[in-house]
Amino acid sequence: MADIKGILFDKDGTLVDFNATWLGIADFMAMDAAEGDRWKADRLLAAAGFDFVTKRFKPDSIFASGSNMDVVELWFPRLSDEDQMLAVSRFNEITSVQGSSMAVALPGIVESLRTLHNRSYRMGVATNDSTSGAEKTLATLGIAQLFDAAFGYDAVANSKPAPDTVVAFCDLTGLKPGEIAMVGDNRHDLEMARAGGCGLAVGVLSGTGTRDSLAPMADVVLESVADLPDFLATRVNVPAG
């Protein structure tokens, strides 16, 4: 049994309204990749998991939970290594600048994060966005000061669902994995929690994940991070692992 002293949060769909923030950016990226060809851009969006009927990205799809490298590998499978890195750099610029400037916080998130910070939880962000994009987003939302660090896919050797970010957060804070809760809206987040030995894996329904997709990997599934302070306040200990 372990007390939770630190919390790692996924960003998009967990802290940030995924669809309100990213639909326009995803379309811009696809049109950029398709060189203005609307038909081709729509095919790229569909391949990345966009459902044109619901106007949302599917749970655990490439765009919902992957990195810009994953998107580039999907959309440009035959690029040379050099051109691939140029494409990733281009997408990083788009997501870092536009993604952060257009970020929309989910309802109640800012207040909940301040509550958790006031309770002395050590907090970090674990995202498959770039580190720069994550840091800019936190600054845009006015909550950067609440976090010890933001870890993008480029801050660790292996991004989610690998456990590297959990290890990095432990190294930074001095906490043990069992003292950390991982909170996210996709299976990648919960898989990282399990791989890293986190004491608590929390799924939230505020993003692209569903209760059916999250429940098998989660210790608890909440509606959103807005429910997290009350949940943590009512628990004494949780299973470690």
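This is a predicted model: local features need pLDDT of at least 70, side-chain atom pairs count only at pLDDT 80 or more; totals for chains, interfaces and linings use all residues.

I started with Cys198, whose sulfur is 7.2 Å from the closest cysteine sulfur, the one in Cys170. That is too far for a bond, because a disulfide needs two cysteine sulfur atoms within 2.5 Å.

Then I searched the whole structure for disulfides and got zero. Cys170 is in no disulfide either, and its nearest cysteine sulfur is that of Cys198. I looked up the accessible area of Cys170 too: at 10% relative accessible area, Cys170 counts as buried, because the cut-off for buried is under 20%.

On to cavities. How many cavities of 30 Å³ or more are there? I found one. The volume of the largest cavity is about 240 Å³. I noted that 21 residues line the largest cavity, and that the closest to its centre are Asp12, Phe63, Gly66, Asn128 and Asp129.

Which elements give two or more residues to that lining? My list has four entries:

- helix H1, residues 18–33
- helix H3, residues 62–65
- helix H4, residues 68–75
- helix H9, residues 187–196

H3 gives the most to the lining of the largest cavity, with four residues.

Last, I sorted the lining of the largest cavity by class. I wrote down nine polar residues, six nonpolar ones and six charged ones.

Note on methods: Residues are numbered from 1 along each chain as its sequence is written. Side-chain values use heavy atoms; hydrogens and water are left out. On a 1 Å grid over the protein atoms alone, a cavity is a set of points where a 1.4 Å probe fits but cannot get out, and a pocket is an open set with protein on both sides within 12 Å along at least five of seven lines; lining residues have an atom within 4 Å of a point. Grid points are joined across faces, edges and corners, and a volume is the space filled by probe spheres set on the points. Ala, Val, Leu, Ile, Met, Phe, Trp, Tyr, Cys and Pro count as nonpolar, Asp, Glu, Lys and Arg as charged, and the others, Gly among them, as polar. Buried means under 20% relative accessible area, exposed over 50%, partly exposed in between (1.4 Å probe, protein chains only).
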